[in-house]
Structure formats: structure tokens, C-alpha cells
Amino acid sequence: AAAAPAAAGPAPTGTVPMSGMMKAVAKNMEKTLDTPIFRVSRTICTDKFDALYAKLKPKGVSVSALLAKAVAMTLEKHPVVNAAYDPSGAIKYNDDINVAMAVALDGGLITPTIRKCNEMDIYTVGREWRDLVNKAKSGSLKPEEYNTGTFAITNLGMFGVSSFEAILPSGMGSILAIGGTKPVVVAQKNGHFGVEKQMTVTITCDHRHIYGADAALFLKDLGQLLEEETDSLVF
């Protein structure tokens, strides 16, 4: 999840040199311009997910940790979405599922990575993510803690953003953009109307090795997990 920006100071004027981190981000963004991409969105009901978070929050588990775990479990069923394109004309299937999540810092952006996220229980994921964010803020992340991601997540929901599209990071096949939740009136199975909370997620994929059906099925299974199988996140 992106951290809240620092309090506003005097407005900058003139030409301001970018920091080293900002230059690195700009360079990485430029690398993606030659990659053919496509995007797929899906709306997911978060009622059960929100209830699970309320139960686990006192135990130190954040929304980011839960989302990372849910994505990692879903990627186990969709290895091509966790894979990367090899310029030699091949698909590089990654042995591990390493979930990188964007964190905004003063003067830049970095993606701390939960390595082998699918193999951890949710409490370990929570502790690992908390430690990584603290290291990111103090500038003490090791290279393997931010440059080994195989799938990326960026979340702007805490800023009131309903939905958005992310730029594909260099070297990865996919990135998932997560918007905020909002109450929506829906028709229920009993024929009555009710209110449920929904969020919109949008996946950006490298079209050289991932196709529309791959992305759609990934989002379908992610939605199924978050809507009906939240108990599986805790083990």
C-alpha cells in the first residue's frame, strides 16, 4: 500500500533536480514503453474480506498483507501470470511467488517484496510486510528485498480512488491496481435489494505471453477467494 505523502511545504519553483530514486523510477517507467500491454478490470465484493480484516487487525495483520496473501495464493493456480517474457522468445516461469507492493516515499517510490509469499501463514506475511515498510522508510532495504518481485500490487484505495490503471514494471508480467471500497445497492438472491461493499481491481499484463483469458481467469479466482473463501487466507 502506498504511504501517505508528507505534509505540504512551500511550493517549489523553477527547475528542481530529481533525487536518485526518482531518476531510477523514471528510467524504469521508460523501459516499459516498448511492452505491448492490455488491462482487465473486475468488481469484487469485500464484505467477507472486510470482516476477516477486522478480526485479524488486532493481531497485527494489515490490509496489504491480506491482499498480498490472496494474490499469492491465486497465482499458484495461474503460473503464466507470475511469469515474465524472455526476449529470446520464451516464457520465464518463476519458481517463487514474490509479491512486490508499491510504497510511496518522500522523493520516490519503491516496491518492497514479500518473497515466497504463498508459503507463509498470514501472520508471518503481516510481520514481514511491516518490517519491509519500516526498512523502506529508513532506507535500509537490501536489493533482494525490492528487486526480486515476480508480481506487483499498487493500492490507492486509502486515498479515495475508485479505480485506476498501473504501468507495468520492467521485468514483470503483471501488476494489479486496487481501488477503494464503496457501498453499492445490489439485487440479492432472495429477490430483495441490499447493500454490499465493492472494490474494483485492474490488472495490467504483458500481452506477449499473457492473454486476455489468462488475466480474466486470474481475476475470477481472486474474486472467488476474496468473496467466498477468505478462511483459506488463515493457516
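**Exercise 1. Find the accessibility class of Glu165, then describe its salt bridge.**

Step 1. Glu165 is exposed, as its relative accessible area is 55%; the classes are buried under 20%, exposed over 50% and partly exposed in between (1.4 Å probe, protein chains only).

Step 2. The side chain of Glu165 meets that of Arg39 in a salt bridge, 3.5 Å from N to O. The rule asks for a side-chain nitrogen of Lys or Arg within 4 Å of a carboxyl oxygen of Asp or Glu.

Step 3. This pair links distant parts of the chain, 126 residues apart: Glu165 is in the loop between strand S8 (151–155) and strand S9 (174–178), and Arg39 is in strand S1 (residues 37–45). Helices (H or I, at least four residues) and strands (E, at least two) are DSSP runs, numbered from the N terminus.

Step 4. Arg39 is partly exposed, with a relative accessible area of 33%.

A word on the source: this is a predicted model, where local features need pLDDT of at least 70, side-chain atom pairs count only at pLDDT 80 or more, and totals for chains, interfaces and linings use all residues. Residues are numbered from 1 along each chain as its sequence is written, and side-chain values use heavy atoms, leaving out hydrogens and water.

**Exercise 2. Work out which parts the salt bridge of Glu228 and Lys48 ties together.**

Step 1. The side chains of Glu228 and Lys48 meet at 3.2 Å, N to O.

Step 2. Glu228 lies in helix H5 and Lys48 in helix H2, so the bridge ties together parts that are 180 residues apart in sequence.

Step 3. Glu228 is partly exposed at 49% relative accessible area, and Lys48 also counts as partly exposed, at 42%.

**Exercise 3. Name the buried residues of helix H2 and say what they pack against.**

Step 1. In H2 (residues 47–56), the buried residues are Phe49, Leu52 and Leu56.

Step 2. They lie on the same side of H2, because they cover an arc of only 65° around the axis; the arc is that of the directions from the helix axis to the C-beta atoms.

Step 3. The buried residues of H2 pack against helix H3 (63–75), helix H4 (122–138) and helix H5 (212–228), where contact means heavy atoms within 4.5 Å.
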